[in-house]
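I opened my notebook with a simple plan: pick a few spots, look them up, and write down what I find. Come along and check each entry against the picture.

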Amino acid sequence: MISIGSACARSMAVTLLCAATSGCAGDDRGTGPTPPGASPSGSLQSILTRADASFRDGDYAEAQVAYEQAGRIDPDQSNATANLGICYLNNGMVRKAQVLLQAFLARHPDDVPTRLVLARTMLHQGELGPGAAVLREVLRTHPDMLMVHYNLGHFAYRSRLYDEAEEQAVVRVLRSGW
């Protein structure tokens, strides 16, 4: 059996998570009014464009700076918050990621991409039970989301719950049409 804890598997998981967060929340940039005292939306849009490009290129330090800047302008950007959480994870700031994501979810409890990244922060900290609970909550409203099944299987495997990990793998295969 392949060790899910290998660097290759973690890298693939983060890549899949990034793809999932991009597809879940939609593009919410620049859709709302500019908050009082903030820069015009064109400026926000250019910051997010720079942040997204750095993020795609794997320059998480640069992306982090830009997403933080965007967050000061509009703290309710779902994709920017989820991606900032991933930047914090990749830059070794796991606790900071968790605080950011939990604060965002307090304001936006139904935000799926942010929940997925929060679950990953919990995995990084060894909080397997609470992380799995976050994923199961997402499954209640999104039962066909393969990324959630993947992550739940990952949590089960790390918790040595091999039957549940196998079940999640079978669900992923059946729902993906393989």
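Entry 1. Where does Gln-77 lie? I looked it up in this predicted model, and Gln-77 lies in the loop between helix H3 (60-73) and helix H4 (78-90).

Is Gln-77 buried or exposed? I found a relative accessible area of 4% for Gln-77, which is under the 20% cut-off, so Gln-77 counts as buried. I also noted a polar contact of 2.8 Å that joins the side chains of Gln-77 and Asp-74.

Entry 2. My next stop was Arg-72, which lies in helix H3. Here the relative accessible area is 63%, and the cut-off for exposed is over 50%, so Arg-72 is exposed. I then looked up Arg-72 together with Leu-44: they are 28 residues apart in sequence, and their C-alpha atoms are 9.9 Å apart in space.

Entry 3. I stepped back to view the whole chain. I wrote down 9 helices and 0 strands, so the order from the N terminus reads α-α-α-α-α-α-α-α-α. Of the 178 residues, 42% count as buried. Among contacts between residues at least 6 apart in sequence, 55% join residues at least 24 apart.

Entry 4. Now for pairs of helices. I reminded myself that two packed helices are described by the angle between their axes and the distance between the axes.

I began with helix H6 (residues 112-124) and helix H7 (residues 128-141), whose axes come within 8 Å and cross at roughly 160°. An angle over 145 degrees counts as roughly antiparallel, so H6 is roughly antiparallel to H7. I noted that the crossing of H6 and H7 is left-handed. Which residues of H6 meet H7? My list for H6 includes Val-112, Leu-116 and Met-122, and the H7 residues they face as a group include Leu-128, Val-134 and Val-138. By class, I wrote down 11 nonpolar, 1 polar and 1 charged residues for the contact of H6 with H7.

Entry 5. Next I checked H4 against H6. They pack at an angle of about 15°, with their axes 8 Å apart. That angle is under 35 degrees, so H4 is roughly parallel to H6. H4 passes H6 in a left-handed crossing. On the H4 side I found Ser-78, Ala-82, Gly-85, Ile-86 and Leu-89, meeting H6 residues that include Pro-113, Val-117 and His-124. The classes for the contact of H4 with H6 come to 5 nonpolar, 5 polar and 1 charged residues.

Entry 6. I stayed with H6 and looked up helix H8 (residues 146-158). The axes of H6 and H8 come within 11 Å and cross at roughly 15°, which makes H6 roughly parallel to H8. This crossing of H6 and H8 is left-handed. Leu-116, Ala-119, Arg-120 and Leu-123 in H6 meet H8 residues, among them Met-147, Asn-151 and Phe-155. I counted the classes for H6 with H8 as 6 nonpolar, 2 polar and 2 charged residues.

Entry 7. My last stop was Val-94, in helix H5 (residues 94-107). What does Val-94 contact, leaving aside its neighbours within four places in sequence? I found Tyr-88, Leu-89, Thr-121, His-124 and Gln-125. I also looked up Leu-123, which is 29 residues from Val-94 along the chain, with a C-alpha separation of 10.0 Å.

Notes
Residues numbered from 1 in each chain as written. Predicted model: local features only at pLDDT ≥ 70, side-chain atom pairs only at ≥ 80, totals over all residues. Heavy atoms only, no water. Helix = DSSP H or I, 4+ residues; strand = E, 2+ residues; numbered from the N terminus. Buried < 20%, exposed > 50% of the residue type's maximum accessible area, 1.4 Å probe, protein only. Polar contact = N/O pair within 3.5 Å; in protein donor to acceptor, adjacent residues only side chain to side chain. Axes fitted to C-alpha atoms, helices over the stretch in contact; angles between N-to-C directions. Parallel < 35°, antiparallel > 145°, perpendicular 65-115°, else oblique. Left-handed = near helix turned anticlockwise from the far one by under 90°. Contact = heavy atoms within 4.5 Å. Nonpolar A, V, L, I, M, F, W, Y, C, P; charged D, E, K, R; others polar.
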